[in-house]
Protein chains: 2
Amino acid sequence: MIKGIIFDLDNTLMDFMKMKGRAIDAAISAMIDAGLQISKQEAQSKIDAIYKEKGIEFQKVFDFLLEEVLKDVDYKVLAAGIVAYRKAREAELTPYPHVYPTLIQLSKMGLKLGILSDAPSKEAWLRLAYLNFHHIFDAIVTFDETGERKPSPVPFKAILKKLDVAPEESLMVGDWAERDIVGASNVGMKTAFAKYGDTFDTKEHSADYELNDISELVSIVKEINKL
Amino acid sequence: MIKGIIFDLDNTLMDFMKMKGRAIDAAISAMIDAGLQISKQEAQSKIDAIYKEKGIEFQKVFDFLLEEVLKDVDYKVLAAGIVAYRKAREAELTPYPHVYPTLIQLSKMGLKLGILSDAPSKEAWLRLAYLNFHHIFDAIVTFDETGERKPSPVPFKAILKKLDVAPEESLMVGDWAERDIVGASNVGMKTAFAKYGDTFDTKEHSADYELNDISELVSIVKEINKL
């Protein structure tokens, strides 16, 4: 009997990499338009290097780029980049197809819904609020709450406790085989691999189910719960 | 002969107070919707007090509000407030009526266009980029560049130098009589009071001209330049 479903956020409920890619692309064009002397390719590779060093959630990536290219921050260029980034990000901050209707349907079936994300709390919550997910989910656990990342059992146990659901009554849905699926299995949860969000070209995974579309969850739950 | 026109930004080219008011209003509603136990009136008066103490450009106003009300920052409430604020701000970040066509027309008449703002550089430039003004104006001077505020002659001289225009060949347009108008007069510029943006209920000003609509600048310049 499944009583709760727990989702990873980035690349499971929303296409984080597409959003990030398009926002950065828009920012580079706007900075060049505002006078920055650099090719799109060079800017892209410098930004990739900054994210690689500082992490993908680093908030000062354009400041660092301008320091490197201009040895100084030109506010005209910086502001043009930030504004273009924000506009593109907001336009791209949408869930995968069928996410909203599937969540509502699962909710109406009496299931509790949770999110378990390794992203830093403030950035994760901002994305959740843009998506209106803060009104839909019963509980959300982000990195700062436990200080541990998947596949550690700590965050999994934290979200199960918040939802008041036993591991064997829960299903974890995620795109990252080694973290979401292995971690959830280790604490006794059922698992579904979000193949539609796979950015690693994952060849093998140990999940109980594989999703090509999030809406397949409805029939999986109906089957398990013999509805 | 007028060769350059210099504008104040907030409440002269755009309705800063309206934007701020609507963004804060949207944020308060969203925070209450996300679970914050407070009345709209109480939240508004607490936010007013924080802005009064920290300045209207203070970027952590919701963090401070939640610290005060909850003795802690609830990320769900914070993120809901920030996202609602950003969406409303972007929707409201538009210039006064007739600003774009007037600027383009003045530009086609061969006039140089500048902005002189007392706002901190990053916040001013972000507003400028949202408005696309960074492509329209020939020069912009914000607070951080001179470290002095109007009516000090220092920022006025800085923008005139950037535009390469003599004081007597320039016209300053602003909504703040004691700062924009008096400061510009003191360095020898002609002046126009932006009455349409007046939030102080100004009774008297010493400006050479008074504008009920920014488009009146076109005929003023034509008259002075005997075009």
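This is a predicted model: local features need pLDDT of at least 70, side-chain atom pairs count only at pLDDT 80 or more; totals for chains, interfaces and linings use all residues.
**Exercise 1. Which elements of chain A do the buried residues of α9(A) pack against?**

*Solution.* Helix α9 of chain A spans residues 177-186, and its buried residues are A:D180, A:I181, A:G183 and A:A184. Seen down the axis of α9(A), these buried residues fall within an arc of 165°, so they line one face of the helix. As for their partners, the buried residues of α9(A) pack against α8 (153-163), β4 (170-174) and β5 (190-194) of chain A. Beyond the helix comes A:G188, which follows α9(A) and has a positive phi, near 95°.

**Exercise 2. Find which residues of helix α8 of chain B are buried, and explain on which side of the helix they lie.**

*Solution.* Within α8(B), residues 153-163, the buried positions are B:P155, B:F156, B:I159, B:L160 and B:L163. Around the axis they cover an arc of only 135°, which puts them on the same side of α8(B). After α8(B) comes B:D164, whose phi is positive, near 60°.

**Exercise 3. Describe how chain A is divided into domains, and how those domains touch.**

*Solution.* Domain 1 of chain A is made of residues 4-15 together with 95-224, while domain 2 takes residues 17-92. The centres of the two domains, taken over C-alpha atoms, are separated by 30 Å. Where they touch, 8 residues of domain 1 of chain A are in contact with 5 residues of domain 2 of chain A. On the domain 1 side of this contact, the residues divide into 4 nonpolar, 2 polar and 2 charged.

**Exercise 4. Work out how chains A and B are related, and through which surface they meet.**

*Solution.* Chain B is superposed on chain A by a rotation of 180° with 0.0 Å of shift along its axis, and the RMSD is 0.0 Å. That is the relation of a two-fold axis. The contact takes 16 residues from chain B and 16 residues from chain A. On the side of chain B that touches chain A, the elements giving two or more residues are α4 (75-92) and α6 (121-130) of chain B. By class, that side of chain B has 12 nonpolar, 2 polar and 2 charged residues. Finally, 100% of the interface residues of chain B are also interface residues in chain A, so the copies meet through the same surface.

Terms used
Residues are numbered from 1 along each chain as its sequence is written. Chains are lettered from A and ligands numbered from 1 in the order in which they are written. Copies are superposed by least squares on the C-alpha atoms of residues with pLDDT of at least 70 in both. Two residues are in contact if their C-beta atoms, placed from the backbone, lie within 7 Å. Domain bounds come from an automatic or database domain assignment. Ala, Val, Leu, Ile, Met, Phe, Trp, Tyr, Cys and Pro count as nonpolar, Asp, Glu, Lys and Arg as charged, and the others, Gly among them, as polar. Helices (H or I, at least four residues) and strands (E, at least two) are DSSP runs, numbered from the N terminus. A residue is buried if 20 or more other C-beta atoms lie within 10 Å of its own, exposed if 12 or fewer, and partly exposed in between; C-beta atoms are placed from the backbone. The arc is that of the directions from the helix axis to the C-beta atoms.
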